[in-house]
Amino acid sequence: MDEQLSARLIQIRRQIHANPELGYQEEKTSQLVKQELDQLGIPYTTGAARGTGVIGTLRKGDGPVVAIRADMDALPMQEETGLPFASLTAGKMHSCGHDLHTTMLIGAAALLKNTDFQGTVRFLFQPSEEGPNGDPEGMTGAHRIVEEGYLDDVQAALGLHVDPSLPVGQITYALGPALACTGFFSIEVLGKAAHAGAAPQLGVDAVAVAAQLVTSAQMIVARHTAPTETAVLSFTKINGGVAPNVIADKVVLEGTIRSLDLDTYNDIISRLNKIIEGLMIAYDAKIRFDLYYNLPSVLNDGNVHGKLVQSLDTVFGSGNSREVIPLLAGEDFAHYSRKVPSMFYLLGAQDPTCGGYYLHHPKVIFNEGAITYGAKFLATGAIGLLNNYR
């Protein structure tokens, strides 16, 4: 990659970083992507995934079709990095590095525009990876893109995510289930208020029912999930009650469910529902369970990885790509990986000034040196897949 393109990509990244947008609201980011594709002369489809998704298509002769993807959305948090190009929008920040991902895909498009190959590369500039963000059907951007048919003719898909704990110039992966099935839930326990001292028997104590629910739910992973399976059920938020002398009539719980195995994940959900049903019968409470974010695990295909080994060695050098254990983080690239054979990698983006902060932290800083590696790998990997699927 020449210095001019490298400098331009850093400029693009900083522009996106300073103007973060939440899922399905990426209007400025989408417009910037379209402007860059226009300058490259790469045709694209607009309006994907509820409007902000952009699907670029670069075809050079007959051959297979492969897809490379970047997510574009930011997170609803206040940036605390102190960077000169920090977020200009209060309460929004690119703390997951999607600004780098979008920039890398633009860079890959620029590299591929001037590279000979046979086949078609589809560039998926995807909105709303971080969650459905008000989608009426609870779908994230990847789910929408799959449902809209943009992968119907694709032979393989490639994606990556920056990792601020990994040095620049290194890349890691796991094969099989690589990132977790992920659910975010809210549980509303509805009881009946009463005087807590004089007549507690006249109420239905939402606090006591909620406490029983939390305690019972811990047995699901501890005693109903095989110790060889990786699973987590965590309650992370609880809110309820009005006064020290009033039996609470409402408590709201929130939390997350994770597992690498989809059957195990679904069993945890089923058993949690059974506990809820039992508590409603036992204590005359009403309990509403809402699994408002529900994502399968990312499946990394060993055959696809095998077709990318040469590209990995070309971009990163021998010994700088390594297999690691799966990570219990969620990624909606899962929807692509369950539609077509796919690989998803973690790309080193460690910055010496970051202070050890990780993804989704208001002080996380990403090393912009990762952009060149990411753009090169997406471009080189796309060609490697095209050549191997011919």
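Visitor: At what angle do the axes of helix α1 and helix α9 cross?

Guide: Two packed helices are described by the angle between their axes and the distance between the axes. Here helix α1 (residues 3-18) and helix α9 (residues 370-388) cross at roughly 105°, and their axes come within 10 Å. Helices are DSSP runs of H or I with at least four residues, strands are runs of E with at least two, and both are numbered from the N terminus. Axes are lines fitted to C-alpha atoms, for helices over the stretch in contact, and angles run from 0 to 180 degrees between N-to-C directions. α1 and α9 are therefore roughly perpendicular to each other, a term for angles of 65 to 115 degrees. The model is predicted: local features need pLDDT of at least 70, side-chain atom pairs count only at pLDDT 80 or more, and totals for chains, interfaces and linings use all residues. Residues are numbered from 1 along each chain as its sequence is written, and side-chain values use heavy atoms, leaving out hydrogens and water.

Visitor: Which residues make the contact between α1 and α9?

Guide: Contact means heavy atoms within 4.5 Å. From α1 come S6, L9, I10 and R13, and from α9 come I371, T372 and A375. By class, four are nonpolar, two polar and one charged. Nonpolar covers Ala, Val, Leu, Ile, Met, Phe, Trp, Tyr, Cys and Pro; charged covers Asp, Glu, Lys and Arg; the others, Gly among them, are polar.

Visitor: How do α5 and α6 pack?

Guide: Helix α5 (residues 206-224) and helix α6 (residues 262-283) have axes 10 Å apart, at an angle of about 145°. Residues of α5 in this contact include V209, L213 and I220, while those of α6 include I268, L272 and I276. The contact divides into eleven nonpolar, three polar and two charged residues.

Visitor: How much space lies in the largest pocket?

Guide: A pocket is an open set of points on a 1 Å grid over the protein atoms alone, where a 1.4 Å probe fits, with protein on both sides within 12 Å along at least five of seven lines; lining residues have an atom within 4 Å of a point. The largest pocket holds about 590 Å³, counted as the space filled by probe spheres set on points joined across faces, edges and corners. It is lined by 24 residues, and E130, F184, R258, G330 and H360 are the closest to its centre. Strand β5 gives the largest share of this lining, three residues. The lining has 14 nonpolar, five polar and five charged residues.

Visitor: What is the volume of the second largest pocket?

Guide: About 210 Å³. Its lining has 17 residues, with T172, V324, I325, L327 and L346 nearest its centre.

Technical notes
Parallel < 35°, antiparallel > 145°, perpendicular 65-115°, else oblique.
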